[in-house]
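Good morning, colleagues. I would ask you to look at the model on the screen while I go through its features in turn.

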Amino acid sequence: MFFHIRDLEVRAGRFDVELAPGEIEFLDPKLRQAGPLKAQGKVELVTGAIGEIRVKGHVSVVMEADCDRCLEPARFPVDADFELYYRPVVEPASHEIAIDDSESEMGFYQGDGIELNDALREYILLALPMQRICREDCKGICPACGQNRNQKDCGCHAEAIDDRWASLKNYGR
Ligand SMILES: [Zn+2]
Ligand SMILES: [Zn+2]
């Protein structure tokens, strides 16, 4: 769903969408949409700022990602209000464009407006935790034998430590 700046100048746009998995490309092979993504809200121009667009609303979706430690699928429900701001991309006319902290949260759009799916993707990625783990105490995969240590204790923890010391010794030579 595309919101054209010319239409937004006349009136705010509204959206109420339900997107099936695959309609938004997350560009991360470890990340999947596990169910429909529902979003409702409003797209409007910010008064007093030329060409600045605000996307505000509510989104709910269940995302699924491979756990960073054990690689098993882990679920990350997102159900939140969001607010994103976009400014038009400007040609760098001067070298004095300082980007302060508040501005780093600001997105940019190119062309005549914004694509809702891009904004939703951006928010979902922001909403997910940096470290995607299936549970706080996930034991991960044994580096020695590849066993998922949440399922079974492979018993080669001691050997893995021995290996590390061995390689350290090799560095000393
Ligand atoms: Zn895990
Ligand atoms: Zn092991």
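Let me begin with one cysteine. Cys-156 is partly exposed, with 16 other C-beta atoms within 10 Å. For reference, a residue is called buried if 20 or more other C-beta atoms lie within 10 Å of its own, exposed if 12 or fewer, and partly exposed in between, with C-beta atoms placed from the backbone. Cys-156 sits in the loop between H3 and helix H4 (157-172). Helices (H or I, at least four residues) and strands (E, at least two) are DSSP runs, numbered from the N terminus.

Which residues does Cys-156 touch, not counting residues up to four places away in sequence? They are Cys-142, Ala-144 and Cys-145. A contact here requires C-beta atoms, placed from the backbone, to lie within 7 Å of each other. From C-alpha to C-alpha, Cys-156 and Cys-142 are 7.8 Å apart in space, and they are 14 residues apart in sequence.

Some conventions are needed before I continue. This is a predicted model, in which local features need pLDDT of at least 70 and side-chain atom pairs count only at pLDDT 80 or more, while totals for chains, interfaces and linings use all residues. Residues are numbered from 1 along each chain as its sequence is written, and chains are lettered from A and ligands numbered from 1 in the order in which they are written.

On confidence, pLDDT is the predictor's confidence in each residue, from 0 to 100. The mean pLDDT of the protein is 86, and 82% of its residues reach 70 or more. Confidence is highest in E2, at 98, and lowest in helix H2 (residues 101-104), at a mean of 48.

Now the overall arrangement. The protein has four helices and eight strands, and along the sequence they follow the pattern β-α-β-β-β-β-β-α-β-β-α-α. Of its 173 residues, 14% count as buried. Among contacts between residues at least 6 apart in sequence, 56% join residues at least 24 apart.

I turn to the strand pairings; two strands pair if DSSP finds at least two bridges between them. Strand E2 (residues 13-19) runs antiparallel to E4, with seven bridges joining them, and Phe-15 stands opposite Gly-41 in E4. E4 is in turn joined to E5 by eight bridges, again antiparallel; here the partner of Lys-38 is Ser-60 in E5. Between E5 and E6, also antiparallel, there are 14 bridges, one partner of Lys-56 being Glu-83 in E6. E6 and strand E7 (residues 107-109), by contrast, run parallel and are joined by three bridges, with Pro-88 opposite Tyr-109 in E7.

The hairpin of E5 and E6 has six residues between the strands, and within it Leu-71 takes a positive phi near 70°. Leu-71 is partly exposed, with 14 other C-beta atoms within 10 Å. A second residue other than glycine with a positive phi is Leu-27, at about 55°. Leu-27 belongs to the loop between E2 and strand E3 (31-33). Is Leu-27 buried or exposed? Leu-27 is exposed, with 8 other C-beta atoms within 10 Å.

Next, the interior. A nonpolar core is a set of buried Ala, Val, Leu, Ile, Met, Phe, Trp, Tyr and Cys residues joined through C-beta atoms within 7 Å. The largest such core has 18 residues, and those with the most contacts inside it are Val-55, Val-59, Ile-114, Ala-119, Leu-120 and Tyr-123. At least two residues each are supplied by strand E4 (37-45), strand E5 (53-66), strand E6 (73-88) and helix H3 (116-127). The largest share, six residues, comes from E5. Tyr-123, leaving aside its neighbours within four places in sequence, is in contact with Val-59, Phe-82 and Leu-84.

Finally, helix H3 itself. H3 has twelve residues and reaches 16 Å from its first C-alpha to its last, close to the 16 Å expected at 1.5 Å a residue; the expected span is 1.5 Å times one less than the number of residues. Buried in H3 are Leu-116, Ala-119, Leu-120, Tyr-123 and Ile-124. Seen down the axis of H3, these buried residues fall within an arc of 135°, so they line one face of the helix. The arc is that of the directions from the helix axis to the C-beta atoms. What covers the buried residues of H3 includes strand E1 (2-4), E2, E4, E5, E6 and strand E8 (113-115).

Notes
Two residues are in contact if their C-beta atoms, placed from the backbone, lie within 7 Å.
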